[in-house]
Each structure stands twice: as structure tokens, then as C-alpha cells.
Amino acid sequence: MTFRPRPPTPLALLLAAAALTIPATAAAQEAPAPPPADPADVESIDAIMKAVYEVISGDAGVVRDWDRFRSLFAPGATLSPVGRSPDGAYGRRPMTPDEYAENSGAWLEQNGFHEVEIHRVTEQYGVIAHAFSTYESRRLETDPEPFARGINSFQLLNDGTRWWVVSIYWLGESPDHPIPAQYLPGGGS
């Protein structure tokens, strides 16, 4: 059987043309430009993801480099932890990179926090990429066991010059949501 795509309808053509001319969202327009990034941090998907994990990690008392953190994110980018409300409903709490630094920075620096990627599944199409990055979190880098694990879902964009984090959306592992084998080292094999 031969597949013949239907010609686009006038409405579909109009919507596609409109999508190309829509200005950036208000949040992206109001967001300050990020600080310049170290080119080594944004030259590849591996580099930018490594930089994200490095910049949030450190022992208690170690001040994080929040300008480096901000330099990794596209204007209008979000970070969204997923959680469960008392009524049992799941939802997300979106934050800007600045809000993340303001809300989490002191805690990370007071308590010590080392997050490392233990496995990644990446899909890329042209200049966009998605990565499921399985992580482990420890207070000290030398702690034998993590106190938390989960999956960070990264959405990334290459603008032709560098990679940008568009969003990070994550869910911590729990008894209700154990990490599936395909997202762990060895990939379930």
C-alpha cells in the first residue's frame, strides 16, 4: 500500500505561517540575557549536561557559581520538579533559573549536594534534543549510597552556535515510581 500525504488545508498553512511569526512569550521577552557561557560548557550535549551537574554540586560551605548556571539556560527556560499534593494529584512547580538559584542555592550550599548522572538516553532531531538523565544525589561525593535518585528530563536547543538548556523537568524515585531498568546503567540488559 502506498501512502499519499494529503495536501495541507488552507487553515493548516495559515497556522504554520503564523507559528513562524509569533513573537517570543512575554516571559522570554522579559527574561534578562544570560551571562556569557564558557564555550567548553556549551559545545555539545555532553558538555552542557556535565556543566549543569557540576555547577549545582559541591560540599557544604562551597558557594555555587550561579552565573555559570544561568549561562547554560536559554531566555525563558524553566526548571520544574514534579511532586504530589496532599490530595494525591501530581503537578509541577516551574521556576526560572534565577528562581532556582534563589530558592535552592542556600540549601545546596549549607547541606552539601552532589548530583551525578548514572545513565542517559538521548534522542536528537536536527537542532533539538531530549535527554532522560538518571541521577543519584549524595551529600558528600564519597557517600557510599545516594540519598535520592530520579530522572531529569532535559530539553535542549542548538541555535547554530551553541547548546542551550530549554527546560529541565524531573521526578524523584519513590516506591510508587521506581526507575525502570532501561533508564539504569546496563539499560535493562
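A salt bridge here is a side-chain nitrogen of Lys or Arg within 4 Å of a carboxyl oxygen of Asp or Glu. D176 lies in the segment after β6 and R84 in strand β1, so this pair ties together parts that are 92 residues apart in sequence.

A word on the source. This is a predicted model, where local features need pLDDT of at least 70, side-chain atom pairs count only at pLDDT 80 or more, and totals for chains, interfaces and linings use all residues. Residues are numbered from 1 along each chain as its sequence is written, and side-chain values use heavy atoms, with hydrogens and water left out.

Back to the salt bridges. How many does a search of the whole structure find? It finds 10. One of them joins R149 and E173, with the closest N and O atoms 2.8 Å apart. R149 sits in strand β5 and E173 in the segment after β6, so parts 24 residues apart in sequence are tied together. Another joins R138 and E136, at 3.0 Å between the closest N and O atoms. Are these two buried or exposed? Both are buried. Buried means under 20% relative accessible area, exposed over 50%, and partly exposed in between, using a 1.4 Å probe and protein chains only.

Next, the strands. Helices (H or I, at least four residues) and strands (E, at least two) are DSSP runs, numbered from the N terminus. Strand β3, residues 114-125, pairs with β4 in the antiparallel sense over 11 bridges. Two strands pair if DSSP finds at least two bridges between them. H119 stands opposite T134 in β4. The two strands form a hairpin with two residues between them, and G126 in the turn has a positive phi of about 60°.

Now the inside. The largest nonpolar core has 29 residues, and Y100, F154 and L156 have the most contacts within it. Such a core is a set of buried Ala, Val, Leu, Ile, Met, Phe, Trp, Tyr and Cys residues joined through side-chain atoms within 4.5 Å. Which helix gives the most to this core? That is α3, with eight residues.

S137 counts as buried because its relative accessibility is 2%. Leaving out residues up to four places away in sequence, S137 touches F113, H114, E115, P146, F147 and A148. Touching means contact, with heavy atoms within 4.5 Å.
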